[in-house]
Amino acid sequence: MADQKVYQASTTAPVNIAVVKYWGKRDAKLNLPTNSSVSVTLSQADLRTHTTAACSSSFTEDTLLLNSSSQDVSGPRTQACFRELRSLRAALEESNPSLPKLSTLPLRIVSENNFPTAAGLASSAAGFAALVRAIANLYELPSSPTDLSRIARQGSGSACRSLFGGYVAWQMGWKADGSDSVAVEIAPASHWPTMRALILVVSAEKKGVSSTSGMQITVGTSGLFQRRAEIVVPKHMAEMEKAILEKDFQAFGKVTMMESNSFHATCLDTFPPIFYLNDVSRAAIRVVEDINREAGKIIAAYTFDAGPNAVIYYEEKDTEAVAGVLNGALGNLDGWQSRNIKAQSTSALDARAV
Ligand code: DP6
């Protein structure tokens, strides 16, 4: 009888929130971006995806269950991740014939998020990062986080940055095959451990225009977009990396807010326009401006992704002046919930059980 053993491995991956934004693809098939980006990884105690990958000859086909609901795995992005990981495993099996032949077995993936999936909280980032690392663990691949980021990028661009804790850059790369479009660590979380993020959930509903389609309409129609990709982002990348290395919150906060504004300006300049911010988002921006004016310097920095929810970065010593004031000013508004979150301090927990 054929070996019906079930091989499995589990992992978790964190959410990341960009401070220099990825928006636009130069190659939609390989998911190659038009500009580099930077993010801060958030604590897994608060926001994470837990994924178990299993394979067995007793399974009939590849399946993926997310929060107990069955997902389509036939799309090109999931298929690209499966294909790349299987071919790395096949190469290992070829060089070591005593290894079990896992590369040809159907995969069963089970994922759980501990936060609302479509709340604009970068669920696809943690999701694809966890999926890729769970399968890499199952296959016992010797790949580095940067190697795996190249694969996760093909699932969802921002996912490549969730393979690292701390402060992470996704280098856009120049090669046509995408081999140099990978994530690298700028600094571990321990380099600047006092960084905090406050997430203000304005709406937990699914976003109106998905990032994937929104960014390509921007690329096709916005005149501001080219200037952003060619001039604004390279300047912000250099300033942001320096701010992180020097733990300079003034500079970090200024670039974070200008980046968010530049990204949402190109959304407005898209035709037809894309509105991700709403009145409550704009109220949050005004409260942050008041907090900084009161402090006489930048102690709080807002950023918004493809939705109305605000993420406010600040340092632990300013918790009362930032999180306290924001909760006081906006906490009573209908629909607002907020959570204080640490920048992540360790790399993900890996439980392996092959
Ligand atoms: C606004 O990574 O979700 O959050 O590659 O099409 O899956 P796809 O896009 P996705 O876009 C994220 C856009 C953003 C900015 C960012 O995270 O850098």
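For these notes, two strands pair if DSSP finds at least two bridges between them. I'm working from a predicted model.

**Sheet**

I started with strands E2 and E5. Strand E5 covers residues 37-41, runs antiparallel to E2, and is joined to E2 by four bridges. I then looked for the partner of Ala18 and found Ser39 in E5.

Next I traced the whole sheet. It is open, has four strands in the order E2-E5-E10-E11, and pairs antiparallel. Which strands stand at the edges? They are E2 (16-20) and E11 (183-187); each has a single partner strand, so one side of each has no neighbour in the sheet.

**Ligand**

Back to Ala18, this time from the ligand side. There are 15 residues around the ligand, and Ala18 is among those that come nearest, along with Tyr22, Ser156, Gly157 and Ser158. I sorted the shell by residue class and got eight polar, five nonpolar and two charged.

Last stop, the nonpolar residues. In soluble globular proteins, nonpolar side chains tend to be buried together. Here the largest nonpolar core has 93 residues, and Ala129, Val132, Ile135 and Ile312 have the most contacts inside it. Which helix gives the most to this core? I found helix H2 (residues 123-138), with 11 residues.

Leaving out residues up to four places away in sequence, Ala129 touches Ala13, Ala152, Ala159, Ser162 and Leu163.

Terms used:
Residues numbered from 1 in each chain as written. Predicted model: local features only at pLDDT ≥ 70, side-chain atom pairs only at ≥ 80, totals over all residues. Near = placed C-beta within 6 Å. Nonpolar A, V, L, I, M, F, W, Y, C, P; charged D, E, K, R; others polar. Helix = DSSP H or I, 4+ residues; strand = E, 2+ residues; numbered from the N terminus. Core = buried A, V, L, I, M, F, W, Y, C linked by C-beta atoms within 7 Å. Buried ≥ 20, exposed ≤ 12 C-beta atoms within 10 Å, placed from the backbone. Contact = placed C-beta atoms within 7 Å.
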